[in-house]
Amino acid sequence: MRFGTLLKTLSAAAALSTVAAAPAISEAAGPIDSQTWSFTGPLGYYDEGQLQHGLYVYQTRCQACHSLGLVRFSSLTGLDVSEDAVKALASTYEIPYINDDGDRDVRPGVLNDTFPWALGNPKRAIATYGKAPPDLSTMARSRIGGADYVYALLTGYDDAHEQPEGAYYNKVMKVISMPNPWPADMSDFEYPNGTRPSLEQQARDVTAFLNWAADPYLEERHQWGIIVVLYMLALTVISFLAYRVVAAKVYAKLDAEGGPDPEH
Amino acid sequence: MAGSRSPFKNPFLKGFDERLPILRAVHHSMTAHAYPKNLNYWWNFGSIAGIMLLVMIVTGLFLAMHYKPSVQEDTYGINQAFRSVEHIMRDVKGGMFLRYMHSVGASFFFIAVIFHMFRGLYYGSYKAPREVLWILGCVILILMMGIAFLGYSLVWGVMSFAAAEVITQVFTAIPILGDDILILLRGGEDVDDALLNRFFALHFLLPFVLAGVVILHILTLQTVGSNNPLGIDLKSKKDTVSFHPYYTFKDIFGLALFFTIYLAVVAWAPERLAEAINNQPTDYNLPSHIVPEWYLLPFYAILKVFTWDLNLFGLVITGKQLGALAMAGSLGVLFMMPWLDTSPVRSGRFRPVFKFFFWGFVLCCLILALVGAQTSGEAFFIPTPFGRLPLGIDAGNGFVWGSTQQWGVLFTGYYFAYFIVILPVLGLFEKPKQLPASISEPVLA
C-alpha cells in the first residue's frame with residue numbers, strides 16, 4: 001500500500017459515503033446486493049493480502065476455463081509480490097508459440113506475457129461448454145453493479161434447481177453455461193498462509209482480484225483525484241475572489257466613464 | 001474590425017503585428033470591442049465548450065498515437081482495437097488518465113454545449129441579427145454528435161459494435177440511395193475492418209472541421225455582438241464593458257469550477273456515464289437492448305418511437321423511415337428557430353407564457369432521454385434516488401398502459417409542437433412585459 005496507513009484510516013470514514021452511494025448501483029442491476037469493498041469510495045484502495053488470496057482462488061478455480069488476456073504477469077508486482085516470485089509464477093504457465101522449425105509449441109511464460117487461456121481459443125471453448133467462458137480482464141467493469149455483480153454471480157449458484165443438459169442455475173443469470181465453480185466439499189482447502197476460507201470469503205477475494213485486474217490503477221486515480229480536485233477547488237476560490245476584485249474595479253470605472261462604444 | 005494602427009509598444013510585437021495583423025485583431029476584440037456588461041453565469045458555457053474542444057483534441061491526439069483500428073481477434077477472442085485501448089489504460093504512462101479524460105471529456109463537452117444552447121433558446125440568442133451565429137451552433141451540435149458516435153465505435157466493445165450497426169442501418173431508410181450510402185459508410189456490406197478504419201479516419205478529421213466551424217462561430221459573434229439576459233441592443237457606452245479583464249476573470253472562474261467537477265468524475269466515477277457492457281470485447285453475451293451514450297438519448301428516442309407504417313394515399317412510409325425522418329427533423333427544426341419564433345422580444349425574461357412552455361421543453365428533453373434509455377414495450381418509469389417512480393402499468397396480456405413507447409410518442413409530439421406550433425403562435429398572441437429602455441436604465445415604473 002503505497003499511500004500508507006493514512007489512506008486506510010481516512011477510508012474508514014469514506015466508507016460511510018460508500019454505503020450511501022451503493023443502493024443506486026444495486027437498484028439498477030435488480031437482484032444484486034451491494035457489498036462493502038475496500039476499493040469503493042473516494043479513498044478506496046486495494047488490500048494486497050486480499051488480492052493475493054484472490055489470485056490464488058483464480059488459479060485454483062477459474063483459470064481452467066477463463067483467461068486474463070489483458071493482465072501481464074509483470075503487473076502482479078502491484079499485489080506486493082516480489083519480482084522473482086512473479087517470474088517463478090509466470091514460468092509455471094505454458095504459452096503457445098511457433099518455434100524455429102515452424103511448429104506449434106509451448107514455452108514457459110515470462111513477465112511480459114498475459115495470463116493464458118487453457119482452452120486455447122474461442123472455438124474450442126464453445127465446443128466444450130456450449131458458450132465460451134469470457135476473458136475476465138475487464139469483467140468487473142463490464143456489468144452493471146461491477147464487483148457486486150461478480151460476487152452475486154459467484155455466490156448465486158443453487159445446484160438443487162433442475163436445469164437442461166449443460167446449463168446450470170444461478171440467481172443472477174437464470175440459465176448459465178458456467179458450472180458451479182465451488183466443489184461441494186472444501187473443508188481441506190487452504191490459502192498459502194494456512195487459513196481456511198469460507199466459500200463467501202473465496203468469492204469475495206477473487207472478486208476483489210478481478211476488480212484489480214479490470215482497474216489496476218484505481219489507487220493512483222484516487223490519489224491523483226484528491227490532489228487535483230483540492231488544487232482545482234483552491235483555484236476556483238482564488239479565481240472567484242480575483243473576479244470579484246476585478247469586477248469592483250471595472251464597475252467603478254464603468255460608472256465614471258462607461259465602456260467601449262457599441263458602435264465601434 | 002481591427003484597428004489600423006498597431007496597439008503594441010514592444011518592438012518585437014509591434015514589428016510582427018505590422019507584418020501580420022493578427023495580434024491586433026485579438027487585442028482589439030479583447031479590449032476595444034463592446035460586450036454587454038450584464039452577462040450572467042449562463043454565458044460562461046461558451047468559453048467552457050471551447051476549452052473542452054481543445055482538451056478533446058489534445059487528449060485524442062495522444063490516444064491516436066497508440067490506437068489500432070483493427071477488428072482482428074486474437075486467440076483470447078479479444079479484438080485488436082479493444083486491446084489497444086486497454087493497452088493505453090494499462091501500459092502507456094499516464095494512459096489511463098488520457099483515456100478517461102477523453103471519454104469523460106466527451107460527456108462534459110456535451111454538458112457545456114447543452115447548457116450553452118438552452119441558454120440561447122431561453123434568451124432568444126437565435127433572433128436577428130444572430131441567425132448565422134445560431135445556425136453555425138447547430139452545425140457544431142450535429143458535428144459533435146457524429147464525432148461522439150464515431151469515437152464511441154472505436155472502442156469496439158459489444159455496444160460499439162451494436163451502435164455502429166444500428167446507426168449505419170438508419171441510412172437505409174433513405175429511398176433509392178439508402179443501400180449505397182450504407183455501403184459507402186461501412187466500406188462494404190458488413191460491420192467490419194473497413195468500417196472501423198474509416199470511422200477512425202473520420203473521427204480524427206472531423207474535430208478539426210468542428211474547430212473551423214467554431215472559429216466561424218466566434219467571428220460571427222464578434223460581428224453581431226453578444227446577446228444578453230435582457231435581450232435588448234446595446235444603446236450607449238453605459239451598457240458596455242470590454243472583454244478583458246472583466247469577462248476573462250469571470251470565464252476563468254467558471255472554467256475552474258467546471259473543471260473541478262469534470263476531473264472529480266475522471267478520478268472517482270470515470271465509467272459512471274458510460275454503458276458498462278461496452279467494456280466487454282466479445283459477443284458471448286450480447287446487450288439485451290441497445291442504448292447510445294446519454295447525450296444522444298433524446299434523439300435516439302425520437303428515432304425509435306415510430307413503430308407503425310404511414311400510408312399516404314398509397315405511398316407507404318415505413319416506421320423505420322418515419323423514425324429516421326423524425327430524427328433528422330428534430331435537428332432540422334433547430335436550424336429554423338430564427339424564423340419559427342415570431343416574437344419580437346428576445347429574452348424569455350419578458351415573456352410570461354413562453355417561460356412556461358420553455359421549461360416544458362426542458363422537461364420534454366429529459367423525458368425523451370429516459371425514453372431513449374428504456375425498453376419500448378415496457379412500463380415507463382422515472383429513476384429517483386429512492387427507487388423507480390412508475391409512470392405506466394403492465395396490464396397483463398402483453399398490454400401496457402403508459403409504456404415507454406407511448407410516453408415517447410407524446411413527448412416527441414411536444415418536441416415538434418414546441419417549434420412548429422407553440423413558438424410561431426405564441427409570438428403573435430403573447431403580451432410581453434415592458435422592456436427596459438437600455439441595459440443601464442431600470443424598467444420605467
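**Ground rules.** I'm working with a predicted model, where local features need pLDDT of at least 70 and side-chain atom pairs count only at pLDDT 80 or more, while totals for chains, interfaces and linings use all residues. Residues are numbered from 1 along each chain as its sequence is written, chains are lettered from A and ligands numbered from 1 in the order in which they are written, and side-chain values use heavy atoms, with hydrogens and water left out.

**The interface.** I started with contact, meaning heavy atoms within 4.5 Å. Chain B puts in 56 residues and chain A 60 residues. For buried area I took the accessible area (1.4 Å probe) that two parts lose on being put together, summed over both. That gives about 4,800 Å² between chain B and chain A, with 65% from carbon and sulfur atoms.

Next I looked for polar contacts (a pair of N or O atoms within 3.5 Å; within protein, one must be able to donate a hydrogen and the other to accept it, and residues adjacent in sequence count only if both atoms are side-chain atoms). I got 20 residue pairs across the interface of chain B and chain A, both residues at pLDDT 80 or more. Which elements of chain B each supply at least two residues to the side that touches chain A? They are helix 2 (22-31), helix 4 (80-90), helix 5 (95-123), strand 2 (240-241), helix 10 (243-268) and strand 6. Helices here are DSSP runs of H or I with at least four residues, strands are runs of E with at least two, and both are numbered from the N terminus. Helix 10 of chain B gives the most, with 15 residues. By class, I noted 30 nonpolar, 14 polar and 12 charged residues on that side of chain B. Here Ala, Val, Leu, Ile, Met, Phe, Trp, Tyr, Cys and Pro count as nonpolar, Asp, Glu, Lys and Arg as charged, and the others, Gly among them, as polar.

**Aromatic pairs.** I paired rings of Phe, Tyr and Trp (its six-membered ring) with centres within 6.5 Å; planes under 30 degrees apart are stacked, over 60 edge-to-face, the rest tilted. The whole structure has 56 such pairs over all chains. One of them is Y67(B) with F200(B), edge-to-face at 4.9 Å centre to centre and 65° between the planes. Y67(B) lies in the loop between helix 3 (45-64) and helix 4 of chain B and F200(B) in helix 9 (residues 193-224), so the pair ties together parts 133 residues apart in sequence.

**A hairpin in chain B.** Two strands pair if DSSP finds at least two bridges between them. Strand 5 (residues 381-384) and strand 6 (residues 387-390) of chain B run antiparallel, joined by 4 bridges. The hairpin passes through 2 residues. P383(B) stands opposite R388(B), and F381(B) opposite P390(B).

I found a cis peptide bond from H244(B) to P245(B), with omega near 5°; P245(B) is in helix 10 of chain B.
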